[in-house]
Amino acid sequence: MPSLEPSTVAASYAHAVWTAVPADGEAGGPRGPGRWASPTERVPFAEVREVWRRALGAGEADPHVGLRVGALLRPAGLHVLGHVVLTSASLADAARAAVRYHPLVSQAGTVGLIRGAERSRLRYRPTVGPDAMHPQQVEAIVTAMVTAARWVAGDGWAPVSVAFAHPRAGSPEPYARVLRCPVVFGAAEHEIVLANADLDRPRVPCDPELNALHRAYADRLLRELTTSVPLRERVRQWLEHAPLDGSGPAEPSKELHLSPRTLRRVLREEGTSWRELLDGARHARVRRLLETTGLPLDRVAGAVGLSGATALVRAFTRWEGVTPGAYRRLRGGSGTAGGPSGTAAGR
């Protein structure tokens with residue numbers, strides 16, 4: 001889901017990058033560590049990006065600086081997520097924590113865990129535009145996840161493989177040395193492949209009570225991070241880019257770290273509902289399709305999750321007071337209400 005506010009990064013992670021990335025020949029970015037000293041502060045993603053830009057713009061730029069930053073990461077660099085990982089009962093618990101709490105480290109990307117029969121994939125997807133995140137930043141994040149996994153699985157552990165969507169820069173040797181597994185470039189996703197036997201192996205000893213305390217604190221921080229913009233506005237923005245021919249509240253709930261029940265309750269407290277927001281998103285999408293395309297009405301209806309042209313005419317007349325065909329003619333949309341199944345209904 002696209003961010004509603006400028007993406008931010010935990011000051012602890014920003015400071016870890018600042019100390020590891022040489023800028024203009026020496027460690028340190030444009031702001032200095034004092035600006036990022038408090039682990040509870042949030043730093044604009046643009047500031048961290050500037051540190052990388054300065055480092056990578058240097059004449060002797062290290063093509064493996066992302067690997068180095070990720071390998072040097074310590075638990076404090078991930079703020080509370082680092083402590084949750086350290087006290088996790090298994091690598092699977094740590095991976096699920098990364099999925100849930102990664103926004104506390106950075107809002108510029110999301111982490112997902114896809115379970116398979118024998119192997120699973122821990123996937124990283126940037127949420128900022130491709131021009132905003134350099135491949136070295138992605139390599140630092142993915143390498144940091146491998147580093148954090150070793151806090152749980154042991155220093156001798158290695159993933160099955162690692163994949164990056166971008167081309168390789170520099171020699172392959174540092175990748176093999178740091179990640180200790182086959183590394184693929186030009187893949188469909190940035191991801192780490194893990195054996196389920198490693199994921200599910202219990203960690204002994206572990207401290208479930210301490211882990212629960214860290215998770216409770218992380219949950220509070222996560223709620224604070226996501227409540228500055230009303231939930232209804234976040235759901236509206238999610239719906240702007242979502243497929244409307246089958247979307248339910250479970251999908252945005254997962255993105256927003258809420259249960260569908262909680263999402264419905266909060267929306268009700270904010271004076272709206274999932275049904276009302278979905279209806280508004282359909283209205284906006286239909287208007288856009290009528291104004292910019294010549295799709296027949298049955299296809300417009302299907303694109304927004306309505307049963308057919310008749311249902312579309314009924315809904316659109318309720319929204320606008322005119323039929324889709326009349327609206328299209330008034331607005332000068334592309335084509336006509338068109339198509340054998342949509343022509344009559346559109347008039």
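1. A quick definition before we start: two residues are in contact when their heavy atoms lie within 4.5 Å. Please keep in mind, too, that this is a predicted model.

2. With that in hand, have a look at Q136, which sits in helix 6 (residues 135–153). Setting aside neighbours within four places in sequence, Q136 touches W52, L56, D62, P63, H64, V65 and G66. Its relative accessibility is 4%, and because buried means under 20%, Q136 counts as buried.

3. Now to the aromatic rings. The structure contains four aromatic pairs. One of them is F164 with F185, a stacked pair with 5.6 Å from centre to centre and 25 degrees between the planes. This pair joins distant parts of the chain, 21 residues apart: F164 lies in the loop between strand 7 (161–163) and helix 7 (173–179), while F185 lies in the loop between strand 8 (183–184) and strand 9 (190–195). F164 is buried, at a relative accessible area of 0%.

4. F185 also pairs with Y175. Here the ring centres are 4.9 Å apart and the planes stand at 80 degrees, so this pair is edge-to-face. Again distant parts of the chain are linked: Y175 belongs to helix 7 and F185 to the loop between strand 8 and strand 9, 10 residues apart. Y175 has 1% relative accessibility and therefore counts as buried.

5. Which residues do the ring pairs link into a cluster? They are F164, Y175 and F185. When you open the model, F185 is a handy place to begin, as its ring is stacked with F164 and edge-to-face with Y175.

How values were computed
Residues are numbered from 1 along each chain as its sequence is written. This is a predicted model: local features need pLDDT of at least 70, side-chain atom pairs count only at pLDDT 80 or more; totals for chains, interfaces and linings use all residues. Side-chain values use heavy atoms; hydrogens and water are left out. Helices (H or I, at least four residues) and strands (E, at least two) are DSSP runs, numbered from the N terminus. Buried means under 20% relative accessible area, exposed over 50%, partly exposed in between (1.4 Å probe, protein chains only). Rings of Phe, Tyr and Trp (its six-membered ring) pair if their centres lie within 6.5 Å; planes under 30 degrees apart count as stacked, over 60 as edge-to-face and the rest as tilted.
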